[in-house]
Amino acid sequence: GDTKNLGDIDGQSIWDALVTNSPSPRTEILHNIDPIDNISSLRRGDLKLITGNLTADVKTFSGILEDMDKPQSMDEWVFQNGSTVRDILKEMGLYLPQATDTWREGSEVKCDGAPETANECSPFHAPCLYNITADPCEMTNIADRYPEVVESMLNTIKTFEGQAVKPQFQAQDPHGDPMCHGFAYVPWLDPEHITNCSFIKK
């Protein structure tokens, strides 16, 4: 269809930013609004605001979900078994890692010891504000220094909350896991996508 018929939406294409590593047209990213666990997070530029229930005991984050049933190397598995996404990116000349999983090394955040500026913050009692460019481990809460910024970002979160659809959770269907469909999200109940997934535990 014609994108001009979409009406007033806030969608922006970030394809160029992803492909060419150019600056993103977005200045804000809503990380999360969770009305069940009561936690929200918003990034604006270099600043990240967190409010609600949170336990922060993770020392190292590399994008790996420890409780996920996965092969030892996701890249290696995809190379051997194929992937719809991989095939598309290879056709475009964009999926050419020199070695499996090397991309994780450059994206890993290691938090070795707290800086002198570190201070505790409980987002359940008061919002926490971090400069994640200067403080990627989120150890120095600067909310007290920028109360106007905190208030502005909280108002933005409230605006998003007012537009959000209430949760309509359904029972989890393991057949919808992208690992069952060449690592791509698909309408898995449609006849052409129904499959016997080897990842589903019997």
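A: Glutamate 138 lies in the loop between β6 and α5. Helices (H or I, at least four residues) and strands (E, at least two) are DSSP runs, numbered from the N terminus. The model is a predicted one, in which local features need pLDDT of at least 70 and side-chain atom pairs count only at pLDDT 80 or more, whereas totals for chains, interfaces and linings use all residues. Residues are numbered from 1 along each chain as its sequence is written, and side-chain values use heavy atoms, with hydrogens and water left out.

Although glutamate 138 is not a glycine, its phi is positive, at about 55°. Glutamate 138 counts as partly exposed, at 25% relative accessibility; buried means under 20% relative accessible area, exposed over 50%, and partly exposed in between (1.4 Å probe, protein chains only).

Aspartate 135 belongs to the loop between β6 and α5 (147-163) as well. A polar atom of the aspartate 135 side chain does lie 2.9 Å from the backbone nitrogen of methionine 139. Aspartate 135 is also in contact (heavy atoms within 4.5 Å) with Tyr130 and Thr140, leaving aside its neighbours within four places in sequence.

β3 and β6 pair in the antiparallel sense over four bridges; two strands pair if DSSP finds at least two bridges between them. Leucine 47 has asparagine 131 as its bridge partner in β6. Strand β3 (residues 47-52) is largely enclosed by the rest of the structure, because five of its six residues are buried. Strand β2 (residues 39-44) and β3 also pair in the antiparallel sense, over six bridges.

Confidence is given by pLDDT, the predictor's confidence in each residue, from 0 to 100. The protein chain averages 78, and 76% of the residues score at least 70. Over residues 56-66 the pLDDT is below 50. Where pLDDT is low, the predicted coordinates should not be read in detail.

Technical notes
A polar contact is a pair of N or O atoms within 3.5 Å; within protein, one must be able to donate a hydrogen and the other to accept it, and residues adjacent in sequence count only if both atoms are side-chain atoms.
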